[in-house]
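I opened the model to look up a few positions. My notes follow in the order I took them.

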Amino acid sequence: MLRFGEHPVIAHNLRWLADQGLTRAVVVDGALGDGHEALLADPSAFGLDELRLIRPEQPGAAAALRAAGLEAEEEPIVVVDITHLFDFDLRELIEEHRKSP
């Protein structure tokens, strides 16, 4: 599990999403391996109301996005690569997206 300091990068990113106002997240585990069920078991640990883990049958980014899209129930859909750390105003980006035709 890729770590940043004392915590896995995925934990940092899930907290960041919650800090940006998102309440639900879907983690598509295409290549993370075992052990994420325990980490992701309590969404409130990240400030989220709902957190689901999906494991697509086929490997690769396209299969992961397809699996996430099938589970998404409403917009916006925010795709975050868990191998990167983020620190920007996601709310502003989402608002601009909602204004676009």
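This is a predicted model: local features need pLDDT of at least 70, side-chain atom pairs count only at pLDDT 80 or more; totals for chains, interfaces and linings use all residues.

I found L65 in helix α3, which spans residues 61-71. I then looked for a surface patch around L65. L65 forms a nonpolar one with I77 and V79. Together the three residues have about 300 Å² of accessible area.

Next I went to the interior. I noted that nonpolar side chains tend to be buried together in soluble globular proteins. The largest nonpolar core here has 15 residues. I asked which of them touch the most other members. They are L14, L40, F46, L48 and L51. Two or more residues come from each of α1, β3 and α4 (90-99). I recorded α1 as the top contributor, with six residues.

Leaving out residues up to four places away in sequence, F46 touches A11, L14, R15, A18, L39, L40 and L51.

Last, I checked Q20. I located Q20 in the loop between α1 (9-19) and β3 (24-28). Its relative accessible area is 13%, so Q20 counts as buried, the cut-off being under 20%. What does the side chain of Q20 reach? I found the backbone nitrogen of L90 at 2.8 Å. With residues up to four places away in sequence left out again, Q20 touches F88, D89, L90 and R91.

Conventions
Residues are numbered from 1 along each chain as its sequence is written. Side-chain values use heavy atoms; hydrogens and water are left out. Helices (H or I, at least four residues) and strands (E, at least two) are DSSP runs, numbered from the N terminus. Buried means under 20% relative accessible area, exposed over 50%, partly exposed in between (1.4 Å probe, protein chains only). A polar contact is a pair of N or O atoms within 3.5 Å; within protein, one must be able to donate a hydrogen and the other to accept it, and residues adjacent in sequence count only if both atoms are side-chain atoms. Contact means heavy atoms within 4.5 Å. A nonpolar core is a set of buried Ala, Val, Leu, Ile, Met, Phe, Trp, Tyr and Cys residues joined through side-chain atoms within 4.5 Å. Patches are made of residues with over 30% relative accessible area and no salt bridge: like charges are joined within 9 Å, nonpolar side chains (Val, Leu, Ile, Met, Phe, Trp, Tyr) within 5 Å. Accessible areas come from the Shrake-Rupley method with a 1.4 Å probe; for residues, only the protein chains shown count as cover. A salt bridge is a side-chain nitrogen of Lys or Arg within 4 Å of a carboxyl oxygen of Asp or Glu.
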